[in-house]
Amino acid sequence: MSVAFFDITRQNQAQRVEIDSAIKQVIDSGRFILGENVTAFEKEVAAYCGAKHGIGVASGTDALHLSLLAAGVKPGDEVITSPFTFVATAEAIAYCNATPVFVDIEPYTFNLDPAKIEKKLTKKTKAILPVHLYGQACRMDKLLEVAKKHGLKVIEDCAQSIGAEFGGKKTCSIGDAGCLSFFPTKNLGCFGDGGMIVTNSDDIYDKAKVFRGHGSRKTYHYEVIGFNSRLDEVQAAILRVKFKQLEALSSARRKNAGLYASHLKGLPKVQLPFEDPAGKHVFNQFTLRVKDRDWLFESLKKAGVGAMVYYPLCLHLQEAFLNLGCKPGDFPEAEAAQNEVLSLPIYPELKEAEALEVCQAIKKHYGQG
Ligand SMILES: *Cc1c(COP(=O)(O)O)cnc(C)c1O
């Protein structure tokens, strides 16, 4: 039996009738841009996250870009972020003509290490952009302490962490704004691209809405150079169907994580994901740490088991960011992680027999099958 890394068709099949009907209603309404589904979904997601406002945008990348602009990030400013993340995190900073300033990660959570932020602050630092990687929140208590002390804005990259918590609060509601992605592989995915900014700040809400719609508040009056970045009405309608299942989907991911943990815990060469007791992990990814990563990856491939490496090359070593002047060795924890991480299939519809097959293949690789 082979096990796919991800299979979205299982979820879509299960909700097919309701999704078809939601799409049909949008078609029949004739309203495709910023209609009632976008408005309702913005309210639903904001309430779920425990925040005041939601602003549907065209992608998670745009959510990051527009929220940084709305938070006042200007050309020449510096924004602290992680080098061990998807490229969009740092791209969004660069889109503002600001400079991403990388800070190394913690080896257990793979998230930005709050204790290392202060050393990187300058007069130009405007904001911190933490990423809740793999679905686990950063140490937001420590991070907010630093931000408060230095008067910095905090924009959370929640693309992988919808529903994750820290200290009893949902990610997206902890900093000044949170950014969601509805890319199909995220915990809440649509049938294309989509994203949302979530915020408790009336000011960020107001400005982000203006940026989303061509810099306009009043029809044909433009107060800033804005963007065309809206969440499609049809995507919002699909997302509202899926959103009702989100808690169940997160629980299924956590259940799969528990299965892996219980079956792999005896393996001395495998470091299982660390779960911060101060938070709730929603496992967008279940990521092992192993010294012989490429070898294990090959063994799994041969056994028909899908796995992925998120991420094989840190951002500070990417060609696109060479202008920042970083070099190998600058962020030792991030660089060690890029060589040792391997993510296993964890999607909610993964069957128990499939998870056990994955464990079997890993045990066999380590001579314990
Ligand atoms: C997916 C992702 C994004 C970008 O989201 P898109 O909707 O694909 O633009 C940003 N940051 C992280 C950490 C992501 O995983």
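1. The protein has 369 residues, for which a compact globule would have a radius of gyration near 21 Å, and its own value of 21 Å agrees with that; the radius is taken over C-alpha atoms, and the globule rule is 2.2 Å times the number of residues to the power 0.38. Along the principal axes, the C-alpha atoms fill a box of roughly 70 × 55 × 35 Å.

2. This is a predicted model, in which local features need pLDDT of at least 70 and side-chain atom pairs count only at pLDDT 80 or more, whereas totals for chains, interfaces and linings use all residues. Residues are numbered from 1 along each chain as its sequence is written, and side-chain values use heavy atoms, with hydrogens and water left out.

3. Of the 369 residues, 54% are buried, that is, under 20% relative accessible area with a 1.4 Å probe, counting protein chains only. Among contacts (heavy atoms within 4.5 Å) with a separation of 6 or more, 70% are made by residues 24 or more positions apart.

4. There are 12 helices and 14 strands in the protein, defined as DSSP runs of H or I over at least four residues and of E over at least two, numbered from the N terminus.

5. An open, antiparallel sheet of 3 strands runs in the order E7-E6-E12, with E7 (169-170) and E12 (279-280) as the edge strands, each pairing on one side only. Strand E6 (residues 165-166) pairs with E7 over 2 bridges, where pairing requires at least two DSSP bridges, and Phe166 has Lys169 of E7 as its bridge partner.

Note on methods:
Buried < 20%, exposed > 50% of the residue type's maximum accessible area, 1.4 Å probe, protein only.
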